Amino acid sequence: MSIVNVVVPQLSESVSEGTLIEWKYKVGDQVSVDDILVEIETDKVVLEVPAPSAGVITEILESDGATVTPDQVLAKIDSEAKAEAKTAPKEEAPKEAAPKEQAKEPAAAAKSDDSAAQKSGSKGDIASPAARNILAEKDMKASDVAGSGRDGRVTKSDAMGASKGASKAESKSSAPMSTNTEGRIEERIPMTRLRARVAERLIQSQQQNAILTTFNEVNMKPVMDLRAKYKEAFEKEHGIKLGFMSFFVKAAVHGLKKYPILNASVDGNDIVYHGYFDIGVAVSSPRGLVVPIIRNADQLSFADIEKTIAEFGQKAKEGKLGLDDLTGGTFTVSNGGVFGSMMSTPIINPPQSAILGIHATRERAVVENGQVVVRPVNYFALSYDHRIIDGREAVLGLFAMKEALEDPQRLLLNL
């Protein structure tokens with residue numbers, strides 16, 4: 001026997017612990033090198049822990065939901081063992097042969113169950129260890145319960161709320177439900193580490209920063225016309241669609257270059273001016289708001305920015321954003337317009353000192369040269385830390401971003 005330990009990887013300098021989400025395998029399972037054994041959620045990302053060696057899992061030391069720290073041993077693998085082949089118990093032959101039509105049904109059902117298991121979970125396992133134990137006590141199968149976990153996996157809370165005879169829809173909707181003293185239904189679920197950390201940072205930002213917000217309206221017609229004219233050629237040339245976010249990021253960098261204090265941060269009694277432009281882009285994910293960073297955005301082309309944003313979006317959807325993707329950032333662009341927001345006052349993402357909020361573009365009546373005309377207008381909001389940024393710099397910085405979008409050639413000529 002040769003035992004290899006599965007340990008918690010190093011997280012980051014600012015992260016000291018994480019929460020074990022779910023095991024993909026159980027004791028006795030055969031695994032290969034780099035098979036993902038378990039997921040660990042920190043306040044920034046979800047980490048996948050791979051198998052350091054091929055072999056058989058002989059022991060799992062921490063269960064789902066446990067708090068773990070770097071280098072802690074989670075499980076043990078015997079690298080010289082092979083999983084025992086499991087044989088199904090023999091069944092007694094039926095006394096009477098069933099009609100052909102009836103005989104086909106169990107086989108079809110079994111095939112359907114196997115297919116569902118393969119689609120729903122890793123290696124055909126669709127329930128966490130804790131969920132399996134609870135379901136066993138209720139004399140239920142995982143296939144009878146609607147899983148709310150990743151890839152439809154049945155979690156502990158799903159199993160606790162499941163009842164025999166209930167439909168999948170009923171079990172899913174009732175899983176975390178309870179009734180209060182008045183007999184009304186309530187749902188109580190713990191915050192994820194990521195959600196709790198976001199809440200903590202936002203409160204910290206409001207308490208420590210002197211946040212003020214300035215607004216301006218942007219005529220989006222020039223950008224929309226430019227995009228409509230070149231979007232097909234752009235996609236054909238670069239293999240990515242030309243969206244609006246690349247214009248917003250480029251306009252933000254344009255304003256930051258003119259007013260560097262917007263790209264600065266506070267460190268104690270010092271103001272740190274950054275000679276680079278690492279732009280955070282707020283992205284929604286299944287586990288909450290995340291802000292991946294576009295590094296050196298000033299040096300990237302429109303196509304590079306669009307590709308980077310698309311990659312971040314896919315990673316966020318799959319829960320695969322890494323610490324490197326989320327660490328740092330000198331300024332943030334938050335586009336609530338994709339959800340239809342008309343106006344908001346975004347909260348600064350510490351330790352940054354400013355954030356640009358973008359909203360939905362709508363046709364509005366505006367006055368140009370004494371005439372009322374209809375234009376696609378977007379209300380921009382720049383929240384800034386008044387401790388180091390004066391109103392003048394904030395207003396002029398936002399106006400520079402507005403000018404860049406209303407005359408996109410400025411971005412090409414660096415004017």
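Which residues lie nearest the centre of the second largest pocket? They are Arg201, Val291, Thr332, Asn349 and Pro350, out of 38 residues that line this pocket. The model is predicted, with local features needing pLDDT of at least 70, side-chain atom pairs counting only at pLDDT 80 or more, and totals for chains, interfaces and linings using all residues. Residues are numbered from 1 along each chain as its sequence is written, and side-chain values use heavy atoms, without hydrogens and water.

A pocket here is an open set of points on a 1 Å grid over the protein atoms alone, where a 1.4 Å probe fits, with protein on both sides within 12 Å along at least five of seven lines; lining residues have an atom within 4 Å of a point. The second largest pocket holds about 840 Å³ of space. Two or more lining residues come from each of helix H5 (193–208) and strands E16 (288–290), E18 (331–335) and E19 (354–358). H5 gives the largest share, five residues. By class, the lining has 17 nonpolar, 17 polar and four charged residues.

Elsewhere, two helices (DSSP runs of at least four residues; strands have at least two) cross. The axes of H7 (residues 245–258) and H10 (residues 391–406) come within 8 Å and cross at roughly 135°. H7 is therefore oblique to H10, since angles under 35 degrees count as roughly parallel, over 145 as roughly antiparallel, 65 to 115 as roughly perpendicular and the rest as oblique. The crossing is right-handed. In contact (heavy atoms within 4.5 Å) are residues including Phe247 and Phe248 of H7 and Gly397 and Met401 of H10.

Conventions
Axes are lines fitted to C-alpha atoms, for helices over the stretch in contact, and angles run from 0 to 180 degrees between N-to-C directions. A crossing is left-handed if the near helix is turned anticlockwise from the far one by less than a right angle, and right-handed if clockwise. Grid points are joined across faces, edges and corners, and a volume is the space filled by probe spheres set on the points. Ala, Val, Leu, Ile, Met, Phe, Trp, Tyr, Cys and Pro count as nonpolar, Asp, Glu, Lys and Arg as charged, and the others, Gly among them, as polar.
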